[in-house]
Each structure stands twice: as C-alpha cells, then as structure tokens.
Amino acid sequence: MTRMIELEGTGLTAGICPSFGGGMAFLDAQQGDARIPLMRPLRPPAMPTDAFEPNRLACYPLVPWSNRIDHGGFEFESTRVSLPLNRADDPYPIHGTGWQRAWRVERQDSNGVELALDDATPGAYAYRANQHYALHDDTLRIALTVRNEGDASLPFGLGLHPFFLLHGGARLRAAATQVWLNDGQSPMPVERVDVPPAWDFRDGRAIPGEELNHCFTGWNGQATIEWPGLGLALDLAANVDAFILYTPVGADFFCFEPVDHCIDAVHRSGGPMAHGMTRLSPGEPLSRHFAFRVRPLGATGAPLLAVNP
C-alpha cells in the first residue's frame with residue numbers, strides 16, 4: 001500500500017497519497033467518534049501485484065488539462081502537440097498526466113501538505129505542478145498550480161476529479177447557464193445549449209438516475225451536495241466556471257468535477273482560450289483553488305470562498 005498522509009480537523013478528515021497520483025484516499029465527515037465517508041474511499045487492488053490504478057482514488061488532480069482530447073492531440077501556434085493514449089480502456093487521451101504520476105512531498109505540517117511533480121511527455125507538455133492541501137476545522141482547501149516548463153506557449157487547464165458517494169440519495173445545488181451535449185455515441189461535445197429544466201440544479205435536485213457525462217458552463221463557482229439520509233451537506237467553492245457531471249447508472253457514486261475548461265476545448269470553435277484554457281508562455285504559472293466545507297444539513301454560515309481572504 002502506498003504511503004498515506006492523514007489530515008484531521010474538527011469536522012473533516014482527509015487521506016492524501018503523494019505517490020498515488022497525488023490524490024486523496026478519502027474525505028470523511030466526523031460526527032463524534034464516527035467517521036462518515038463523503039467521497040468514495042480508495043479501493044485497494046484486487047491483488048498486491050496489480051498495477052497502479054488512480055481511478056480507485058477518492059479524488060485526483062487534473063493537470064495539465066481535463067477530460068478527453070480528440071485526434072491524438074492538436075495544433076497550437078504552429079506547434080503540434082501529440083498526446084498518447086494513457087488508458088487501455090479509453091480511445092482518447094484522458095485527464096492529463098498528473099493523476100498517473102508519483103508526486104513528492106515538499107512540505108508537511110499538522111494541518112497540511114504540499115506536493116510537487118515535474119513531468120514531461122515528448123512532443124507534448126512539460127510542466128511543474130504543485131498541490132497544497134490544507135485542512136482546518138470543517139474545511140479542506142486545495143491549491144493546484146502548474147507552470148509551463150516547455151519551450152513553446154501552450155494552452156493549459158486545471159481541475160479536480162472527486163467521486164462523491166450517493167448514500168442512498170444525494171442532492172446537488174449548482175447554478176450553470178449552459179451545457180455541452182454529446183451525440184450519445186462518444187463523450188466528445190457537439191453543441192452547447194441552455195441547461196434544460198431536468199438538469200437545472202440551481203435550486204437543488206436529486207442526482208439523476210440516468211447517465212450524464214456532460215460539461216456545464218457559466219457556473220458561479222459555488223455548489224452544495226446534500227445527503228438527507230445523513231443529515232449532512234458539503235459546500236464547494238472554486239475559482240473556475242465549469243463543472244463536469246458524471247452519473248454512471250447503477251454505481252454508488254457520482255462525479256462533480258470543478259474544471260476551468262470544457263471537454264476537448266482545444267478543438268472547439270474559437271480555440272481553447274475561448275473555452276476556458278489559459279495560454280502559458282514558457283515559465284508562466286496558472287493556479288486554481290478549491291474548497292470543501294462540511295456542515296449539518298440545514299445549518300447556515302458565511303459564504304465559502306475558494307481562496308481565503
């Protein structure tokens with residue numbers, strides 16, 4: 001089993017796995033002496049010899065881009081970026097590379113840990129990434145930064161990929177204005193439309209029983225997941241304006257992924273920057289911030305900010 005660093009607050013406990021994709025093994029709410037998993041906990045391999053599988057994590061970073069990219073890469077400012085397939089069961093390069101790498105511990109204290117990763121793929125991205133996990137009381141904060149270490153300017157994007165448990169019936173509150181639809185045959189987007197009433201989560205509604213795998217845009221960076229059966233809610237904040245909602249039928253989890261760009265942004269009309277990615281010159285950084293706060297269902301508090309004031 002990989003090394004795990006446990007962070008403990010008064011309302012939340014988190015497990016961080018540096019060498020396992022720099023991701024999280026669990027995020028649990030604390031109620032007295034009980035711990036209640038809010039994210040799907042790390043699933044151990046079937047056999048000790050099984051290969052590292054980051055999709056067993058509770059949450060992992062998306063760097064230097066999110067979700068899938070078509071056509072094996074893309075052209076950008078006369079530079080060809082070639083992206084190899086990185087999963088045997090997926091026909092597209094997916095989720096960047098950070099989730100499949102071992103990160104190193106740069107600093108650690110009782111409330112947090114900072115991780116770092118240097119990665120380069122020939123013909124594609126070269127970058128340095130940092131993650132800072134900080135847990136205080138009932139709030140976990142994650143700062144994710146990437147710096148272009150290559151010789152050419154490229155479009156970068158960041159996000160997180162958490163797996164939230166349904167616990168028999170979860171509700172989502174998240175206001176977005178539009179959603180990218182696919183053709184039902186592939187996950188690649190084909191058109192952007194206004195959010196239909198059945199997927200309008202601005203006032204809160206149950207996680208759909210149908211399978212969704214779409215990117216919602218025009219998000220205000222605020223969301224809440226409620227578990228009525230547990231009497232708990234988890235507030236989320238991020239300084240990004242899109243999220244991907246994945247609801248696999250028959251699973252015990254769903255994914256609410258805060259991201260800064262849509263699926264396959266590099267091939268959307270208008271170019272990647274028109275769809276949330278950021279052009280980074282060599283040596284230039286990009287940072288995104290995320291926060292998760294647990295509270296009793298029905299309790300109110302100050303607005304949750306992605307970045308501490």
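1. Let's begin with the cysteines. In this predicted model, the disulfide count comes to zero. As a reminder, a disulfide is a covalent bond between the sulfur atoms of two cysteines. Cys-59 is in no disulfide, and the nearest cysteine sulfur, which belongs to Cys-255, is 9.4 Å away. Cys-255 is likewise in no disulfide.

2. Now to the rings. The model has 11 aromatic pairs. Tyr-125 lies in the loop between β9 and β10, while Phe-156 is in strand β12, so the pair ties together parts that are 31 residues apart in sequence. Tyr-125 is buried at 3% relative accessible area, and Phe-156 is buried at 0%.

3. Compare that with Phe-216 and Phe-243. Their ring centres are 4.9 Å apart and their planes are at 10°, so this pair is stacked. Phe-216 sits in strand β18 and Phe-243 in strand β21, 27 residues apart. Both residues are buried.

4. Have a look at the wider group as well. Ring pairs link Trp-199, Phe-201, Phe-216, Trp-219, Phe-243 and Phe-256 into a cluster.

5. Finally, follow Arg-40. Its charged end sits over the ring of Phe-163, 4.0 Å from the centre. The charged end of Arg-40 also sits over the ring of Phe-253, at 5.1 Å from that ring's centre.

Note on methods. Residues are numbered from 1 along each chain as its sequence is written. This is a predicted model: local features need pLDDT of at least 70, side-chain atom pairs count only at pLDDT 80 or more; totals for chains, interfaces and linings use all residues. Side-chain values use heavy atoms; hydrogens and water are left out. A disulfide is a pair of cysteine sulfur atoms within 2.5 Å. Rings of Phe, Tyr and Trp (its six-membered ring) pair if their centres lie within 6.5 Å; planes under 30 degrees apart count as stacked, over 60 as edge-to-face and the rest as tilted. Helices (H or I, at least four residues) and strands (E, at least two) are DSSP runs, numbered from the N terminus. Buried means under 20% relative accessible area, exposed over 50%, partly exposed in between (1.4 Å probe, protein chains only). A charge sits over a ring if NZ of Lys or CZ of Arg is within 6 Å of the ring centre and within 35 degrees of the ring normal.
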